[in-house]
Amino acid sequence: MLPMCFQETAMLLTKQNVPKITLPAGKGEVIQFDERLKGFGIRVRAGGRRTWIAQFRVGAKQRRISLGDAEKIDPDRARALAKQTMASVILGRDPQAERAKAKADAALTLGPLVPRYLAYVASRQRAAGYQAAVRRYLEQAWAPLHCRGVNEIDRAAVAARLLEIAEENGPVAGNRARSILSAFYTWGIGEGIAFSNPVSGSHKPIEETPRERVLSDEELALVWRLAGSGDFQAIVRLLILTGCRANEIAGMLWSELQGDMLRIGSGRSKNKLAHELPLSGPAIAILHGIPRRD
């Protein structure tokens, strides 16, 4: 339901007539409609603010939207905008609803969505190191884009910021920042927040090649001897003996040790797949030397 306001009879809205429209005594606003185009008018409010409007009906509901400041848009241009609005209504669209949606989409800025995405990442049982990296890159590296709407950030903005990140922290850091923002947008699309992924098609700051360097037997022996003591020594030596990932060994549970077999559940593996690993005699000896803790 539109708010009540004082309306005069229609008149031709021109550059000469518009300044003559005055606010009646005791009224907060007046709408003067155009005699040439039905639904096109100008709203005059207390204080002198004048705004072009288009009024139309969508089904049983009457709508009204602003077309712009009358001080900046002349009557002919405003009338043309009103015609476009009316035409879109005839084609079955609702300009007011579309404008409200666009405004709501623009309000979805990157910064406030970061905590929500971090909670999602944590719920996926990712490694703590990965969670920390996601937080660091989204909260720090991408901070300059926090105030922009997620659907306003385009490829040019991503590419420009990636160049800055690479210059400030190195090209590899730029690659990490790029992949993390891309993952954020993939999540956003799934949540219905983002329309598309602006990272797609952007250049990586550097093309990385897989590392081929591995430790020699002599180097492994040196690491074994210099592994320190306590839990750190046990973890390093078990990594050498098993080839597991660091978090799989550091977060090992006694319930996962079954005889000479290590059974790592899907909740702790990086690929989310449970797997079993036969343990050698030296590995079992190390595990038996570790005191049990809750």
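Predicted model: local features only at pLDDT ≥ 70, side-chain atom pairs only at ≥ 80, totals over all residues.

**Entry 1: α8 and its end.** I began just past α8, where Gly243 has a positive phi of about 75°. Then I went back over the helix, which covers residues 230–242. I checked its length: 13 residues at 1.5 Å a residue should span 18 Å, and the end C-alpha atoms are 18 Å apart, so the two agree. Next I looked up burial and found Ala234, Val236, Arg237, Leu238 and Thr242 buried in α8. What covers them? I found that the cover includes the helices α7 (217–225), α9 (246–250) and α10 (281–288), along with the strand β8 (275–278).

**Entry 2: α6.** The buried list for α6 reads Ala173, Gly174, Asn175, Ala177, Arg178, Ile180, Leu181, Phe184, Tyr185, Trp187 and Gly188. I traced what these buried residues pack against and got α3 (110–123), α4 (128–141) and α5 (155–169).

**Entry 3: the cores.** Which residues have the most contacts inside the largest nonpolar core? I get Leu138, Trp142, Leu181 and Phe184, in a core of 29 residues. The elements giving two or more residues to this core are α3, α4, α5 and α6. α6 gives the most, with seven residues.

I then clicked on Trp142. Leaving out residues up to four places away in sequence, Trp142 touches Leu110, Tyr137, Val158, Arg161, Leu162, Ile165, Ala177, Arg178 and Leu181. There is also a second, separate core of 20 residues, with Val18, Ala54, Ala70 and Ala78 among its members.

**Entry 4: α3 against α4.** How do α3 and α4 pack, in angle and in distance between axes? The angle is about 165° and the axes are 10 Å apart. α3 and α4 are therefore roughly antiparallel to each other, since an angle over 145 degrees counts as such. I noted the crossing of α3 past α4 as right-handed. On the α3 side, the contact is made by Val114, Tyr117, Leu118, Val121 and Ala122. On the α4 side, I listed Tyr130, Gln131, Val134, Arg135, Leu138 and Glu139.

Methods. Residues numbered from 1 in each chain as written. Heavy atoms only, no water. Buried < 20%, exposed > 50% of the residue type's maximum accessible area, 1.4 Å probe, protein only. Helix = DSSP H or I, 4+ residues; strand = E, 2+ residues; numbered from the N terminus. Contact = heavy atoms within 4.5 Å. Core = buried A, V, L, I, M, F, W, Y, C linked by side-chain atoms within 4.5 Å. Axes fitted to C-alpha atoms, helices over the stretch in contact; angles between N-to-C directions. Parallel < 35°, antiparallel > 145°, perpendicular 65-115°, else oblique. Left-handed = near helix turned anticlockwise from the far one by under 90°. Expected span 1.5 Å × (residues − 1).
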